[in-house]
Amino acid sequence: LIPVLFSIWKKTFREINWLALIVAILCSGTFFVLRNYYLIHIGVKVYNPEHLIGSYIFGIPIEDILFFVTVPYAFIFIYRWTTKYFKHLEIQQFTYVFSLILTLTSILLSVVYYDHIYTFLTVSVLAILNGVVYFGYTPKWYSKFLIAFFLVTLHYILIDGIITLSVENKIVFHAEDSVIGLYFFSIPIEDLLGFFLLFLMVTTCYEVFQKKLYAKKAEEVFE
């Protein structure tokens with residue numbers, strides 16, 4: 001609701017390509033919903049019914065499906081805000097080092113924990129996507145994407161901490177043999193890396209589709 005209101009009030013948000021945004025959300029959302037469908041049906045991911053309204057689609061809680069629509073939707077608005085108000089901020093060196101460490105770490109984790117299905121599905125796809133997007137094309141928008149990611153992640157850590165402290169029972173459970181068991185505060189490292197993957201996927205799709213819709217040259221898509 002808030003991004004919609006801002007889209008009416010602020011010119012920055014009115015400039016969002018809605019068709020590209022819808023297609024990007026469909027692409028990233030489809031991948032993550034199918035991934036969660038698989039994890040739920042093999043018993044790796046279990047939701048606590050105490051915290052759900054009880055509506056399911058093919059065994060997936062409706063809250064889970066809506067998450068992959070509303071969160072990427074809101075993220076793109078934050079990303080667009082960073083491209084507007086941080087456009088003169090140059091962090092290319094940090095971006096390169098961060099992306100290199102992230103890609104190499106993801107590759108290492110996918111090799112070492114290949115038998116931990118939740119970890120493997122997350123880090124293997126992340127290593128491929130981040131490696132191709134950044135080291136294959138090095139788009140100008142990547143640094144602004146990182147700023148948006150850190151802003152959103154900081155907010156998520158605070159909210160997750162409040163929820164963790166206020167909720168007696170966990171909302172989501174993961175099979176012990178499917179995850180590393182490493183946590184960033186109260187957040188499993190797989191979830192944190194999964195957020196990065198989700199946001200990178202929707203941002204990449206958004207940038208590609210909006211430039212395609214504006215009929216720009218193929219080589220300009222990742223500039």
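Which helix is T122 found in? Select T122 and you land in helix 6, residues 117–137. Before going further, a word on what is on screen: this is a predicted model, in which local features need pLDDT of at least 70 and side-chain atom pairs count only at pLDDT 80 or more, while totals for chains, interfaces and linings use all residues. Residues are numbered from 1 along each chain as its sequence is written, and side-chain values use heavy atoms, with hydrogens and water left out.

**The whole chain**

Start zoomed out. The protein chain has eight helices and six strands (DSSP runs numbered from the N terminus, helices being H or I of at least four residues and strands E of at least two). Along the sequence, the pattern reads α-α-α-β-β-β-α-α-α-α-β-β-β-α. Of the 223 residues, 45% count as buried (buried is under 20% relative accessible area, exposed over 50%, partly exposed in between, with a 1.4 Å probe and protein chains only).

**Helix 3**

Now select residues 18–41. Helix 3 has 24 residues and reaches 34 Å from its first C-alpha to its last, close to the 34 Å expected at 1.5 Å a residue (the expected span is 1.5 Å times one less than the number of residues). Step back to N17, which caps the N-terminal end of helix 3: a side-chain oxygen of N17 lies 3.2 Å from the backbone nitrogen of L19. Beyond the other end, pick G43, which follows helix 3 and has a positive phi, near 80 degrees. Then colour the buried residues of helix 3, including L21, I25, G29, F32, R35 and N36. An α-helix has 3.6 residues a turn, so residues three or four places apart point the same way.

**Helix 3 against helix 4**

Helix 3 and helix 4 pack at about 140 degrees, with their axes 9 Å apart (axes are lines fitted to C-alpha atoms, for helices over the stretch in contact, and angles run from 0 to 180 degrees between N-to-C directions). The two helices are therefore oblique to each other (under 35 degrees is roughly parallel, over 145 roughly antiparallel, 65 to 115 roughly perpendicular, and the rest oblique). To see the contact (heavy atoms within 4.5 Å), show W18, L21, I25, G29, F32, V33 and N36 of helix 3 with D64, I65, F68, V69, P72, Y73, I76 and F77 of helix 4.

**T82**

Stay in helix 4 and centre on T82. With 0% relative accessibility, T82 counts as buried. A polar atom of its side chain lies 3.2 Å from the backbone oxygen of K144. Leaving aside residues up to four places away in sequence, T82 touches K87, K144, I147, A148 and L151.

**Back to helix 6 and T122**

Show helix 3 with helix 6 next. Their axes are 11 Å apart and the packing angle is about 160 degrees, so helix 3 and helix 6 are roughly antiparallel to each other. Here F31, R35, Y38 and L39 of helix 3 meet I117, Y118, L121, T122 and V125 of helix 6.

Finish on T122, which is buried at a relative accessible area of 0%. What does the side chain of T122 make a polar contact with? The partner is the side chain of R35, at 3.3 Å (a polar contact is a pair of N or O atoms within 3.5 Å; within protein, one must be able to donate a hydrogen and the other to accept it, and residues adjacent in sequence count only if both atoms are side-chain atoms). Besides R35, T122 touches E190, L193, G194 and L197, not counting residues up to four places away in sequence.
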